[in-house]
Amino acid sequence: MRTVPSIIHLDMDAFFAAVEQASKPSLRGKPVVVGGLGGRGVVATASYEARRFGVHSAMPMAQARRLCPNAAFLSGRFAAYRQNSDIVMALLRERSPLVEPLSLDEAFVDLEAGPYGPALAEVDPETGAQLVLAVAEDLRADILERTGLTASVGAAGSKLMAKIASEQAKPDGLVLVEIGSERAMLSPMPVRALPGIGPATEQTLRRAGLTTVADLADAGEAELVHLLGRAHGTGIHLMAVGHDERAVVPDRDAKSVSVEDTFEVDLADRDRILHEIDQLTARCVKRLRAAGRSGRTVVLKVRRFDFSTLTRSETLRAPTDDEGVIAETARRLALQVDTTGGVRLLGVGVSQLADYTQEDLFAQAAHTAEVEVEVAAAGEAEADVEAGVASAEVGGADAADTAPAVPPALRRWLPGQDVHHAEHGPGWVQGSGVGRVTVRFETPYDPPGRVRTFAVDDPDLEPSDPLPLRRA
């Protein structure tokens, strides 16, 4: 066990919403909700101003609109979130090479492995705790200076307690758990405070009269194993007594790559379902190749009209990132599922990941040869289409991943989207409809800007990349 609380857990505060507020001066101090804006969309993140109205993550967007109708509802900008996440993670790695990212806005850091390690090893526990506090405060100040965003930090002798401490520190705070005080801190907490205890496990424990972490510790390992099984019961008991020896593991290897979509209207047509599977496969393969990986098991996820969720999988002879192979497999899996009542969600994933293999290269070469034959057979028909495709434009850098090329007049402007106008400069989309798009022209560095409305096909208005939250 550590003698100094040298593991920290950093969690950015309402990260997606905070990035939107920092990017858009007119939204600062106002409720902001980020997520899927369709009828079946869910909330990804809500600003603290929106949380006061009861809005929270994973809530249906329709419910969030009822609770907080005056909020700004934005579709989200992954490029902006990644941009600022990279800054935060770089600051963490200045403190230690052992950084374990959990998501874009959350990570564990082991300070003993970094430049502060020798000092922490030489001082007494009390002095060591003060040094950890100073390092954590400097980290939070650097993040604020570089991004304008706030972070909450927990420091403790284990990942379990550091995570719990950061939850208590929210928002924009710092909590340190001294070595030896873990049991006292955990005891009054509800059982759901421990990771691995969800609603079902909570009900099982409640029926046995166990409602607090102290109850779990007092029940003993044998009782918890009887209630929850060997592995789960033993793990829960160790956490209940504050024991956690998990190491901080840098750059955790992804176990799978997947994408999924929820549809506004249930899909009942088999051809449409197979078309959507092809589109999902293309997006999945793009992520797979960006990570430099290939996979051996193709997984199809189907949520039907009655909310029942089915998964089907097939393991291939060798790992691949070939889109044709994965699409064909996913389509074959779809034929194993009864979709006559309608489908509300589809997902395609690849697991059992591996680095690129020779089999991948041969599969890609064969696929390329097949395509060349098909193109040659197409002859002049392709030339006739080519001129029309060449003149089509797609709004947004990533739009080609999700939709076929369309004329500019059909471009879809999403709330929150970054844009640039030839005359008025950078701004963001407030909303669009009936052939018009409303844009607020402002940057992160200026006061709230003016609002103007344009035709959706205005040639002077283009999608743009997000601006940094701080001037270079």
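1. Phe-15, Phe-16 and Tyr-81 form one aromatic cluster. Rings of Phe, Tyr and Trp (its six-membered ring) pair if their centres lie within 6.5 Å; planes under 30 degrees apart are stacked, over 60 edge-to-face, the rest tilted. This is a predicted model: local features need pLDDT of at least 70, side-chain atom pairs count only at pLDDT 80 or more, and totals for chains, interfaces and linings use all residues. Residues are numbered from 1 along each chain as its sequence is written, and side-chain values use heavy atoms, without hydrogens and water.

2. The whole structure holds 4 aromatic pairs. In one, Phe-441 and Phe-454 have ring centres 5.9 Å apart and planes at 90°, so they meet edge-to-face. Phe-441 belongs to strand 15 (residues 436–441) and Phe-454 to strand 16 (residues 450–455), so the pair ties together parts 13 residues apart in sequence. Strands (E, at least two residues) and helices (H or I, at least four) are DSSP runs, numbered from the N terminus.

3. Phe-441 counts as buried at 10% relative accessibility. Phe-454 is buried at 8%. Buried means under 20% relative accessible area, exposed over 50%, partly exposed in between (1.4 Å probe, protein chains only).

4. Two arginines sit over rings. Arg-51 has its charged end over Tyr-48, 4.4 Å from the ring centre. Arg-65 lies over the face of Phe-73, 4.4 Å from the ring centre. The test: NZ of Lys or CZ of Arg within 6 Å of the ring centre and within 35 degrees of the ring normal.

5. Buried residues of helix 12 include Ile-273, Leu-274, Ile-277 and Arg-283. Gly-292 follows helix 12, with a positive phi near 65°.
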